[in-house]
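Here's a quick briefing on the model shown below. Take a look at the fold first, then go through the points by topic.

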Amino acid sequence: MCLHLKIRSVWSLRLEDQQSLLLKLKQTLIFNPASSSKLVWWNSSTNCCSWAGVTCGSSGQVIGLDLSHESISGGIDTSSSLFDLHHLQSLNLAWNKFNGSRIPSGLDKLANLRHLNLSNSEFAGQIPAEISSLTRLVSLDISISWELYFIYAYPILKLENPNLSMLVRNLTRLTELHLEGTNASAQGHDWCRVLSLLPRLRVLNLANCLLTGPIDSSLAKSTFLSVFHLNGNNLSAPVPEFFGNFSNLTSLDLMDCGLYGNFPAKVFQLPTLQSLDISSNPLLRGTLPEFPENGSLQTLVLSSTNFSGTIPDSIGNLKVLSRIDLSFCKFRGSIPDTTAKLLQLVSLDFSYNGFSGPIPSFSLAKNISELNLANNQLTGSILSTDWSALSKLVSIDLHNNSLNGTLPTSLFGMPSLQRIKLNQNQFSGGLNVPSELASVLRTLDLEGNKLVGPFPEIVFQLQSLKILVLSYNNFSGPVKLSSFQPLRNLSTLDLSYNSLLVNATGIDPALFPQISALNLASCKLTGFPDFLKKQSQLCNLDLSANQIDGEIPSWIWNSTFLSHLNLSHNFLVNLQDPKRGPISAQYLSLLDLRGNKLQGQLPNLPPSATYVDFSSNKFSSVIPVNIGDYLEFAYFLSLSNNNIHGSIPKSICNGTYLHVLDLSNNSIGGIVPQCLTRMKSLGVLSLSENRLNGSISDSFSSNCAVQTLDLNGNQIGGKIPRSLANCQNLMVFDIGKNEINDTFPCHLKNISSLRVLILRSNYFYGRIDCPNDNYSWPILQIVDLASNHFSGELPQQCLRTWKAMIDNEDELQNLRFKIFDLDPFYYQNAIMVTMKSVETRLAKILTIFTSIDLSCNNFVGKLPEVIGEFKALHILNLSHNSLTGLIPSSIGNLRQLESLDLSSNNLSGKIPQQLSNLNFLEVLNLSDNQLEGMIPTGNQLQTFSEDSFIGNKGLCGVPLKENCRPNTQPSHEGNNSDHGTNINWNLLSVEVGFVFGLAIVILPLMFWKRWRIWYYKHVDSVLFGLLPQLSQTSRIHGRRALRTHRRRN
């Protein structure tokens, strides 16, 4: 009994001692009582072992102290009573606010510590060396979360002295080490070898620690690792194969590590692996392997890598998979139907890949909240999924595919759905929605489909709606903007490019929601809506392609936050700006006024302008001398198609960020400022159709960025600058219709990106082959050297390097210059070409369009045989030269050819029969040569007029008036003469052709039912074209026949 009382007395004394230390600690700590859930309740009236955050051992000693989330901002120094709690085994100070103070150095006094957590408490500076003496530590957490790391933008804790090696070399009992967000700054072989000396390590988090690679092989010893996070370090290394041997691994995070090479497929098949994130490694390659049965993967994130191939059907084996993100990769093929087996899915993101085919059913994924299949090549309808069964779905994004069919009604009535993005597809029909809509819907984007019908007024019931985009559809009828007044949360409204008649009158400005983006392009507006005056939050305003006339009101320029303004393609005549100073909108970055009738003096630009387009107006002033003062942030400036005169001010070069400068089609004179050619950012310089003179300065910078240089239609002389060869990204070079006196620009021969070369109507001379002929313009598609003084033979070796003429593998695209990386703004390249004997402006240069025009020069010799290999060529003009010899029969191989002009040369021999194979040929001119013999018969050649063949004294036959002699024959194989018995080929061809043609038609009509149906159908269509009155009768009979057929079935 006495012993028991003595033990109890000792326990009470210890407890009182411990309680006194804790109360003393509370008094010294600086914290916010209003935010405290633990310290605020500590008092002497209760046993300290019952206090929140305090854990006592069996002997009454405090062994655990959890003061996390207590808003502590100070009060711990080396003299703190905290360090007198010598029996403490666990200390947690996480998520406090020490505001950049250092970690206290008295921690070494707590020799019994096994668990230390100082994470996310805003400590800063060097991590103290005393921690390395805590040899009993099992877990150490000094990490900084991504949220705090992002706020500070750099690691606020560092490991320099001690470094990582010195910190952990004595901590051999560690099973968990969390250093996320600290500055460890170690190379691969150092940190890997140090960590390999911690044999018990199970959890390792070194994310965002400024570590570098490569990953050393010594790390292969860490086979007990269960959680391994290295994300956010610049390792710049491949992933070692031994990662596939970490048989205990449950979580691997290598996001954004600069990894490259092939990712080990064995890692995917680790039976314990639950979470894998290797995203944001764009050079990391790999494919998805076959997944084993009952895999443990719950999270799989491969986004923004170079993974490719198809998804295996065995993806369905991942029964517990809840999140899969394959976005921004290079996967292709169909999405397997086995994804329907992923019953635990919460989030699926396959966006920005090359998936094709239909969307499989997700009806069984009852827990799915996010479904993103955007930017693929998916087809078919979306009706295979029972959307009403997905009650937890929050977001569905299928935009930019080729999906079609009608929109399921149930999609719009789902209780949790907040975001619907189905834009840029081919959905059709009306917008049929249930009477009770999803009340939480915030985003509805149906832009760019084929939806029809009146405006769906039921959207006015969507009280939570923030973003409504219905542009580029076929909705029709009237819409009152006042109907949107009840939608108080609406911030973005886009009704552009439908057939809507928008009524912007009768709106109470005080009741209309504060809109940040309003797009009403092509909505038949005739004036500026008055309610806009009170829209204080307006950022984007698009009223383009309407019928607004008169002046631009001054209140627009006073909109505080206006950043994008598009008033293009209206009938505006003036800017209501009496001060004639700079446009005052402080944040206005995009201003598009093109295609109006604005006149008079050019206004000064807004101070924050990045994109300004004043083209196709009637401005008639000079360019302001100080225009450069307003181009500090400008990327795009177009003043084309006006009546601007004067010269180009040198201050324009102050726009050091200018990517596009277009001053074409004006009356600007003077010289091209030398500083323009020195600009390092300029990608497009278009000064065509002006009155510029002088020469082009030979001062293109060594890192020239020019892709389009268009100086066509000026009076520029001199030579082509040799420094233009520095512009290695040059795609379009047009200096036609000037006074250049130079030889062929062989100094550009190493610019492999060149697509368009126009030297037309200058004073170029000499041969067009270059010394050594080792250059290549593999994607050159338009060549116009016409109306110069070039001479010599056409160089076969040179022409053979024009690969795009031989086999153009480009997809159907427009040749354009991308202005911004993030925003969809492009400069559309346009050039003048002589096409089918008519000078035509190509407003869009298709990458598949090819043309060669060498006319009006002094070329001699034979036509090179290589021309017969230009199977992708559309236009060929070699007229008005001194070419001799035969027309190669291989020209008949140019099946894409639409225009062929070989006139006014000295070509001889017969016209090859193979020319009749050119089914797309619309223009043919072989006149004024020395051709002879019969014009070949065929599908095309007899359709051309006599003008195509005149001036060849030896030619005969249709369409010429000269009849051929009985023994005259067309050429079949080249122009070789035939010998032997003379046959009247005209009569024989008619007889054989009649019999053979009759057999081709009659026999299938007798024995082949499908042919018979096709034949009669097309004969009917021809008859209806010739005799329209038959059409109505046929429709009547057709309807009767259809009804009869239905009755029979």
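Let's start at tryptophan 191, which touches Leu164, Ala186, Leu206, Leu211, Thr212, Leu219, Leu230 and Leu235, leaving aside residues up to four places away in sequence; contact here means heavy atoms within 4.5 Å. This is a predicted model, where local features need pLDDT of at least 70, side-chain atom pairs count only at pLDDT 80 or more, and totals for chains, interfaces and linings use all residues. Residues are numbered from 1 along each chain as its sequence is written, and side-chain values use heavy atoms, with hydrogens and water left out.

**Nonpolar cores**
- Trp191 is also among the residues that touch the most other members of the largest nonpolar core, which has 270 residues; the others named are Leu65, Leu481, Phe484, Leu495 and Phe733.
- A nonpolar core is a set of buried Ala, Val, Leu, Ile, Met, Phe, Trp, Tyr and Cys residues joined through side-chain atoms within 4.5 Å.
- Elements giving two or more residues to this core include helix H1 (2-28), helix H4 (188-195), strand S30 (474-480) and helix H6 (796-799).
- There's a second, separate core of nine residues, with Met731, Ile758, Ile782 and Phe849 among them.

**The chain overall**
- The protein chain has 10 helices and 63 strands; these are DSSP runs numbered from the N terminus, helices being H or I with at least four residues and strands E with at least two.
- Of its 1049 residues, 52% are buried, where buried means under 20% relative accessible area, exposed over 50%, and partly exposed in between (1.4 Å probe, protein chains only).
- Taking contacts between residues at least 6 apart in sequence, 55% join residues at least 24 apart.
- The chain exposes about 46,700 Å², and carbon and sulfur atoms supply 51% of that; accessible areas come from the Shrake-Rupley method with a 1.4 Å probe, and for residues only the protein chains shown count as cover.

**The 11-strand sheet**
- An open sheet of 11 strands runs in the order S12-S14-S16-S18-S20-S22-S24-S26-S28-S30-S32, with parallel pairing; two strands pair if DSSP finds at least two bridges between them.
- Its edge strands are S12 (260-262) and S32 (499-503), each pairing on one side only.
- Inside this sheet, S16 (residues 305-309) and S18 (residues 330-334) pair in the parallel sense over two bridges, and glycine 309 has phenylalanine 331 in S18 as its bridge partner.

**The seven-strand sheet**
- Seven strands form an open sheet with parallel pairing, in the order S48-S50-S56-S58-S60-S62-S63.
- S48 (765-766) and S63 (954-956) stand at the edges with a single partner strand each, so one side of each has no neighbour in the sheet.
- Leucine 883 in S58 is the bridge partner of glycine 861, while leucine 907 in S60 is the bridge partner of glycine 885.
- In a regular strand the side chains alternate between the two faces of the sheet.
- S58 has Leu883 and Gly885 on its covered face, with Ser882 and Thr884 on the uncovered one.

**Serine 351**
- Serine 351 sits in the loop between strand S19 (347-349) and strand S20 (354-357).
- It counts as buried because its relative accessibility is 2%.
- Its side chain makes a polar contact with the side chain of aspartate 349 (2.7 Å); that means a pair of N or O atoms within 3.5 Å, where within protein one must be able to donate a hydrogen and the other to accept it, and residues adjacent in sequence count only if both atoms are side-chain atoms.
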